Amino acid sequence: MPEATSDPAPPGPRSAVRSLLRLWPYVRPIRGRLAGSAVAAVLASSMALLIPLVLKWMVDGPVADHDPSGVWLGGGVLLLLGLLEAGLFGLRRWLVARPLASVEASMRSALYGHLQRLPVAFHDRWASGQLLSRATMDLQILRMFLAFPLVFLVVNGAAIVLGFAILFSQAWTLGLVLLLPIVPLVILCSVFEARYSLAARSAQDQAGDLATVVEESVLGVRIIKAFGRHRSQTEAFRAKAHGLRRTELHKARLLADIWALIMTLPEVAIGAALILGIMQVSDGELSAGTLVAFLTTALALRWPVESLGFLLAISNESATAADRFFEAIDAVEADASGLGAQPAGALDGVRFEDVRFRYPDAPENTPDLLHGIDLHIRPGETMALVGATGCGKTTLTALIPRLHDATGGRITLDGADIAVLSRERLRELVAVAFEEPTLFSATVRENVAMGAGPGGADEAAVLRALDTAQCDFVARLPHGLDTQVGEQGLSLSGGQRQRLALARAIVGSPAFLVLDDPLSALDVHTEALVEAALREVLAETTALVVAHRPSTVMLADRVALLSEGRITAVGTHHELLTESAEYRHLMSGDSERSMAR
Ligand SMILES: Nc1ncnc2c1ncn2[C@@H]1O[C@H](COP(=O)(O)OP(=O)(O)OP(=O)(O)O)[C@@H](O)[C@H]1O
């Protein structure tokens, strides 16, 4: 697997609010329900703030007047307020629970769809664990944020403003005492925010890296066991897990510090207000009922104030999750320019005209991997591509289906520049089979039929393709064509997987076929059988076949020799054997060994 980055946060100032505002397009469809849930929560909090006022009325009225019926009435009103508060909080949850699940699902679908459209170069750079953690963990954090902290930041903010208005209307001097800790709290919260967001970002990145290690260990379990690398792999995992643990502990410490301050300062202020209030009551400046109401309101405000630290922390984590989500979403999709263009209709085969290519991460001082490729594969012709290992054969074949985009020159299929063909059309025209075949967690039938594009292939076509690729082993599988293969299914041998991948490539009878050493894992007898059957298929298509062995070269009408980034010779196998010393060298036993992998 290529070295993949964990794509750290882009440099520059970051605003948590701006990051979260980017969620708006996804939240927009449920804005009504979200606003309704905020209103329900504000009303519920207001009920809690009304309770002290009823208490004040009870203490200064029926309790002071020894009026039991008034106390019963007050008790009834309190019960009603309590029930209303509970009912409104229930309504809030009901309003958002289901719609938020659909917001999460739509974001996940958007990310998945986007990842499918991103160029191979993107996937070369990004570790799969990072993408996995963005599509799962980060989106869960965002759903939680929309369900809870977002609404409660608004609701608790409103409750604090409303509560302080009530406190000031009761006793403004005591209200001022409670306001005193606000200034240091705001300063401390902004320091906390800056430090916590850094810690949250590195924890989420580390979780992605950890997922990558797990994924690689699971996929590469055979290699790990075969080379006895389980200890070093476990150590690598442990190091990453410890790193994540350290960051999570750092986050917990930051949270504990801010929480301690957020809880202590208001408590001290309430204590001071209580002492001052008692003095005012004893001086007759304040009624006992007002002091009870004041203190009950102040205590009712404890949760909205105390929750701020926790809400800020989740909001920060959510802003980081949004950043990570949009980093993937913002990656530029593969260029799909010229949508809808069709091949000119003239049968012209495949033409490479002064094609150049270099990988985006190639060192600056190195020449282009491919520079000035000129090659014409005639209609219906099979061209073998031969060259020393690492010279760029796979890269060159990957340019035809635009898995990579050429950095210069042009490639035409029957006269149409592939840069202006729509992706869909290109996929219809070109089929590929790679040396290292990937099968999906699906049945044999589905794996093969997917080669025929969205329309699929009928049973007869699948059977024909399996027959050509000599997949007689399929009949012996437990459920024949319906046997599950791939990661979740039955494991097949390398040669069996290669033959299924070949069947997938030819099932749609593509006009252009690109085969990257598709028979390398077969024994000589099976290879001969596949080649005999493949000749019939190749007779009807224009094909480029990467060949490492003379037997594969024999499938081709002509051979192109790739050397130092250029096509240095084209001709039949026998012509090249006579004309090209390099080709002779490559086809000789020595070179075959050097080419063998
Ligand atoms: N994704 C990538 N990013 C950067 N460099 C790459 C990438 N893939 C391949 N390369 C480099 O490009 C060069 C050509 O690789 P390529 O796989 O095309 O060679 P090849 O001729 O097919 O080799 P082989 O015969 O061994 O299959 C190699 O030096 C390789 O290291």
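The buried residues of helix α3 are Leu34, Ser37, Ala38, Ala40, Ala41, Ala44, Ser45, Ala48, Leu49, Pro52, Lys56 and Met58. The model is predicted. Several elements cover these buried positions, among them α2 (24–27), α4 (68–117), α7 (149–170) and α12 (288–300). An α-helix has 3.6 residues a turn, so residues three or four places apart point the same way.

The model is predicted. The cover over these buried residues includes α2 (24–27), α4 (68–117), α7 (149–170) and α12 (288–300). An α-helix has 3.6 residues a turn, so residues three or four places apart point the same way.

The length of α3 was checked against its residue count. Helix α3 covers residues 31–63, which is 33 residues.

The UniProt record, an unreviewed entry, lists residues 38–59, 71–91, 144–166, 172–192 and 254–280 under "transmembrane region". Two of these spans were examined in the model. Residues 38–59 are 100% helix and 0% strand. The end C-alpha atoms of that span lie 33 Å apart. Residues 144–166 are 96% helix and 0% strand. Here the end C-alpha atoms are separated by 31 Å.

The chain as a whole holds 23 helices and twelve strands. Of its 597 residues, 36% are buried. Contacts were also sorted by sequence separation. Among those between residues at least 6 apart in sequence, 80% join residues at least 24 apart.

Four strands form an open sheet, in the order β2-β1-β4-β5, with antiparallel pairing. Strands β2 (370–377) and β5 (416–417) stand at the edges, each with a single partner strand, so one side of each has no neighbour in the sheet. Strands of a sheet pair through backbone hydrogen bonds, either parallel or antiparallel.

The pairings can be followed across the sheet. Strand β1 (residues 350–357) pairs with β2 over five bridges in the antiparallel sense. In this pairing, Arg351 stands opposite His376 of β2. Strand β1 also pairs with β4, again antiparallel and over five bridges. Phe352 stands opposite Ile411 in β4. The β4 and β5 strands pair in the antiparallel sense over two bridges. Thr412 faces Asp417 in β5. The hairpin of β4 and β5 has two residues between the strands. In this hairpin, Asp414 takes a positive phi near 45°.

Two further backbone positions stand out by their phi angles. Most residues other than glycine have a negative phi, and most peptide bonds are trans. Asp354 is not a glycine, yet has a positive phi of about 50°. This residue is in strand β1. Asp354 counts as exposed because it has 12 C-beta neighbours inside 10 Å. Arg402, also not a glycine, has a positive phi of about 60°. Arg402 is found in the loop between α14 and β4 (408–413). With 21 other C-beta atoms within 10 Å, Arg402 is buried.

The ligand is surrounded by 13 residues. The closest are Tyr359, Thr389, Lys393, Thr394 and Thr395. Helix α14 (residues 393–399) gives the most to this shell, with three residues. By class, the shell divides into four nonpolar, six polar and three charged residues.

Tyr359, one of the closest residues to the ligand, lies in the loop between β1 and β2. Tyr359 is partly exposed, with 15 other C-beta atoms within 10 Å. The C-alpha atoms of Tyr359 and Leu370 are separated by 9.9 Å, and these residues are eleven apart along the chain.

A further loop position lies between α17 (459–468) and β8 (484–485), where Asp472 is placed. Asp472 counts as exposed, with 12 C-beta neighbours inside 10 Å. Gln496 is 24 residues from Asp472 along the chain, and their C-alpha atoms are separated by 9.6 Å.

How values were computed
Residues numbered from 1 in each chain as written. Predicted model: local features only at pLDDT ≥ 70, side-chain atom pairs only at ≥ 80, totals over all residues. UniProt positions renumbered as here; feature names shortened; annotations may be inferred. Pairing = 2+ DSSP bridges. Near = placed C-beta within 6 Å. Nonpolar A, V, L, I, M, F, W, Y, C, P; charged D, E, K, R; others polar. Buried ≥ 20, exposed ≤ 12 C-beta atoms within 10 Å, placed from the backbone. Contact = placed C-beta atoms within 7 Å. Expected span 1.5 Å × (residues − 1).
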